[in-house]
Amino acid sequence: MKHLTLVLALLAFLASCGTSEEEQKRLSRQERLRLAKEDSAALKIAVVPTIDCMPLLVARHCRLFDTLGVDVRLRLNHAYLDGDVMLRKKKVEGALTDIVRCEYMKATGVPLSYATATDAWWLLFANKMARIKRPGQLYDKMMAMSRYSATALLADMTVDSARLADDRVYRIQVNDVNLRWAMMANNEMDAAWLPEPHATLARTAKHPVLADSRKTGLKMGVVAFREEAAADTARQRQIAAFLKAYDMACDSLNTHGVRHYAFLLEKYAALHKRYHTLLPEDIRFAKASAPLQEDIDVAVKWLEVQKTKNTKNTKN
């Protein structure tokens, strides 16, 4: 009888353990569903932690989104292409990107709406080991950029202005900006288009600057949202609050300077502390405003030229 009591007690214990484990799984499923629901309702934006991303990083760090009652979640990537994929798959509502990329996506079936222009710019650096001092010396050299992007457009403008044969400057697609910089630093690339803070690394390493996108007068950086998100009433309220937080972050950056917030580039872009004081001091951030139509027209016209070139190459 004593043994039977022990057996029954053991069975009861095991049954209770099983119930507890089952209950734990049920609670875990509920938690996952709750988190998934919150994420679905949040305004998700794909970003690459370059200098034009700073207003978003500052807004998150200073809890400006929370203050304005909007749940904004940044999806960090090392390549703008990753953000393009997220937009196509509807994993995010918006992305920090460039006009050329957006117009290309729009032409290939992804309706997008521009929320604001950003202060993105790129510098073309030559590998100091290649001994290139001016764009005209890029003949038979490899230039790192990203296809169907602002850097591809800038690469063509640079080649055209230097009157070089179009097919004798080799545009190498390197989407990851960290990898692009690393390849040039390791002498695997003759030249590369780099944004800040990668440009600071290249400048500190004494790689010469061949071109500066700011001198073209073009302003190609944008934050864009999927059109269906921009047309949704609830999303419109989120986007309006996002843009208000964006403006507040720009004010803070312009007041304190980008070096004051360099720790965010250290956190998200792995910018070592020794480079913080080497970032340009004169960086200013413009408040939210729509991109200029003339900049959009430049992107559209360039993409039409690319389409014509691709058609000719296919026929040949």
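Contact here means heavy atoms within 4.5 Å. By that criterion, and leaving aside its neighbours within four places in sequence, alanine 249 is in contact with Pro55, Val58, Ala59 and Leu64. The model is predicted: local features need pLDDT of at least 70, side-chain atom pairs count only at pLDDT 80 or more, and totals for chains, interfaces and linings use all residues. Residues are numbered from 1 along each chain as its sequence is written, and side-chain values use heavy atoms, with hydrogens and water left out.

**Alanine 249 and its helix**

- Alanine 249 is placed in helix α10; helices (H or I, at least four residues) and strands (E, at least two) are DSSP runs, numbered from the N terminus.
- Alanine 249 counts as buried because its relative accessibility is 0%, where buried means under 20% relative accessible area, exposed over 50% and partly exposed in between (1.4 Å probe, protein chains only).

**Aromatic pairs**

- A search of the whole structure gives five aromatic pairs; rings of Phe, Tyr and Trp (its six-membered ring) pair if their centres lie within 6.5 Å, with planes under 30 degrees apart counted as stacked, over 60 as edge-to-face and the rest as tilted.
- Phenylalanine 65 and phenylalanine 242 form a stacked pair, at 6.0 Å centre to centre and 20° between the planes.
- This pair links distant parts of the chain, 177 residues apart: phenylalanine 65 in helix α3 (residues 64-67) and phenylalanine 242 in helix α10 (residues 233-256).
- Phenylalanine 65 counts as buried because its relative accessibility is 3%, and phenylalanine 242 because its value is 0%.
- Phenylalanine 225 and phenylalanine 242 form an edge-to-face pair, at 6.0 Å centre to centre and 85° between the planes.
- Here phenylalanine 225 lies in strand β10 (residues 221-226), 17 residues from phenylalanine 242 in helix α10.
- Ring pairs join Phe65, Phe225, Phe242 and Tyr246 into a cluster.

**Nonpolar cores**

- The largest nonpolar core has 57 residues, of which Ile45, Met54, Leu56 and Phe242 touch the most other members; such a core is a set of buried Ala, Val, Leu, Ile, Met, Phe, Trp, Tyr and Cys residues joined through side-chain atoms within 4.5 Å.
- Helix α10 supplies the largest share of this core, nine residues.
- Another core, of 40 residues, lies apart from it and includes Leu154, Leu164, Leu210 and Ala224.
- Not counting residues up to four places away in sequence, methionine 54 touches Leu253, Val258, Tyr261, Leu265 and Phe285.

- The largest pocket has a volume of about 370 Å³; on a 1 Å grid over the protein atoms alone, a pocket is an open set of points with protein on both sides within 12 Å along at least five of seven lines, and lining residues have an atom within 4 Å of a point.
- Of the 15 residues that line the largest pocket, Asp156, Asp166, Arg171, Gln306 and Lys309 are the closest to its centre.
- Helix α12 gives the most to the lining of the largest pocket, with five residues.
- The second largest pocket has a volume of about 260 Å³, and its lining includes Glu103, Tyr104, Gln306 and Lys307.
- Helix α12 also provides the largest share of the lining of the second largest pocket, six residues.

Conventions
1 Å grid on protein atoms, 1.4 Å probe; cavity = no way out; pocket = protein on both sides within 12 Å on 5 of 7 lines; lining within 4 Å. Points joined across faces, edges and corners; volume = space filled by probe spheres on them.
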